[in-house]
Amino acid sequence: MIDTAEMLKIFQQHRGDAIVVPGRGGRHWTRISTQPNRDVPLGDPAMGGHASFAFGLALARPDQKVIVFDSEGDLLMSLGILPMVAEHQPKNFYHFLLDNECYATTGGQPVPNAKNICYDVIARGAGYPLAASYDNLETFAVNIERILAQPGPVFTALKIIPEIQNDPIGKRKKWLLRSREQVIKDLQQEIGIAG
Amino acid sequence: MSQTAEAVLSPETVLGEIKKNAVSHIVWLPDSETNWLYVLMKAEPSLHVVAVSREGLAYSLAAGLSAGGKTPIILIQNTGLMESGDSLRGWALGLNIPVVLMVGYRGWTRHGITQDTAAVYTEPFLNAFRINYYLVENDADAPRISAAFDEARKTRRPVAVLVGDEYHGFH
């Protein structure tokens, strides 16, 4: 299994100037990213929507590479996003899935059939032309440059180490450094959209 | 032509309102109210139609389009509206997305007692989320669609248009 923070450090070296929607990886990514104005850390507006938000962004800005770090709990709630993306084949869309096999933010309960789902197979079956999975950091590090060099949509599932949270939500460390409104304003300014 | 035949909402009128408000993307899930509109939308070169598989995905998708500088409209039915409450809360309201929801008002009737629970709960649902709405039943009501767009832009909130009649084919 892969350590999320270590994976994101490697990803950062290959990110280029892509827009990154870090999803639940955001609490690590906000400390690692060197281009915060091209990041869209939104916390958890409502479960299941990170990929479709990023897909919308990719459709709106075909001139920008858009990368999302989805999670398996979110994806299971919204599997229909896969054929939606596949129908449009956005060449600028890169869909990473952080699969820790559980609902980490609610105490680590397993997702349905946690250890026996091939998300890359589901993505390919839904129509993603390119889909793969990795369960160790070394193999991911060797392949990340190639993954991002291919035209989208590309789906990459990563088996990650669960980081289970049991504290009451109100006692958890806040990692969002900007309000959601500010995040979007900063992105729009960065890519030349009048807000 | 009878008065009944005149008092309908034509898909051409709705499309005209959509174009007037510079919509770039139609985010939609088919329902019986929008069948005729779909044919026109697909034929309109200025519009991108993005089909969703579940209404909850419509809000996050529209939020992404809006963040990217585009102007989406969401076309769904009231049944799906109710299914997608948390996404409406978190993505559309939570991110201050100025988007119009055109909602097929299944079961709505001005005459007699509404039998369809989809209609019974629609307006209470919107009121619970504090989303303002306009009822559109025929072409004479069409300016309310632009009013909804104006309100969404000014308030940076979702505003609903309840479509109280099925489109009756091309005129």
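What follows is a chat about a predicted model with chains A and B.

Visitor: Hi! What should I know before I look?
Guide: This is a predicted model, where local features need pLDDT of at least 70, side-chain atom pairs count only at pLDDT 80 or more, and totals for chains, interfaces and linings use all residues. Residues are numbered from 1 along each chain as its sequence is written, chains are lettered from A and ligands numbered from 1 in the order in which they are written, and side-chain values use heavy atoms, with hydrogens and water left out.

Visitor: Okay, chain A. In what order do the strands of its open sheet come?
Guide: The order is E1-E2-E3-E7-E6, five strands with parallel pairing. Strands (E, at least two residues) and helices (H or I, at least four) are DSSP runs, numbered from the N terminus. Two strands pair if DSSP finds at least two bridges between them.

Visitor: And which strands are at the edges?
Guide: E1 and strand E6 (130-134) of chain A; each has a single partner strand, so one side of each has no neighbour in the sheet. From one strand to the next, the twist averages 15°.

Visitor: How many bridges join E3(A) to E7(A)?
Guide: Six, and the two strands run parallel. A:Phe96, for example, has A:Thr156 in E7(A) as its bridge partner. H7(A) packs on this sheet, touching E2, E3, E6 and E7 of chain A, and its direction makes about 155° with that of E3(A). Such angles run from 0 to 180 degrees between N-to-C directions, with axes fitted to C-alpha atoms, for helices over the stretch in contact.

Visitor: Switching to H1(A): which of its residues are buried?
Guide: Helix H1 (residues 4-14) of chain A has A:Thr4, A:Ala5, A:Met7, A:Leu8, A:Ile10, A:Phe11 and A:Gln12 buried. Buried means under 20% relative accessible area, exposed over 50%, and partly exposed in between (1.4 Å probe, protein chains only).

Visitor: What's at the start of that helix?
Guide: There, a side-chain oxygen of A:Asp3 reaches to within 3.1 Å of the backbone nitrogen of A:Ala5. After H1(A) comes A:Gly16, with a positive phi near 60°.

Visitor: Is A:Glu101 buried or exposed?
Guide: A:Glu101 counts as buried because its relative accessibility is 10%. Its place is the loop between strand E3 (93-99) and strand E4 (102-103) of chain A.

Visitor: What does its side chain make polar contacts with?
Guide: The side chain of A:Glu101 makes one with the side chain of A:Lys115, at 2.8 Å, and one with the side chain of A:Lys159, at 2.6 Å. A polar contact is a pair of N or O atoms within 3.5 Å; within protein, one must be able to donate a hydrogen and the other to accept it, and residues adjacent in sequence count only if both atoms are side-chain atoms.

Visitor: Now chain B. How many strands form its open sheet?
Guide: Six, in the order E2-E1-E3-E4-E6-E5, with parallel pairing. Strand E2 (48-51) and strand E5 (133-136) of chain B are the edge strands, each pairing on one side only.

Visitor: How many residues of chain A are in contact with chain B?
Guide: 27 residues of chain A are in contact with 25 residues of chain B, where contact means heavy atoms within 4.5 Å. About 1,900 Å² is buried between the chains, and carbon and sulfur atoms give 67% of that area. Buried area is the accessible area (1.4 Å probe) that two parts lose on being put together, summed over both.

Visitor: Which three residues of chain A supply more than any other three?
Guide: A:Pro45, A:Phe53 and A:Met84, with 25% of the area that chain A buries against chain B.
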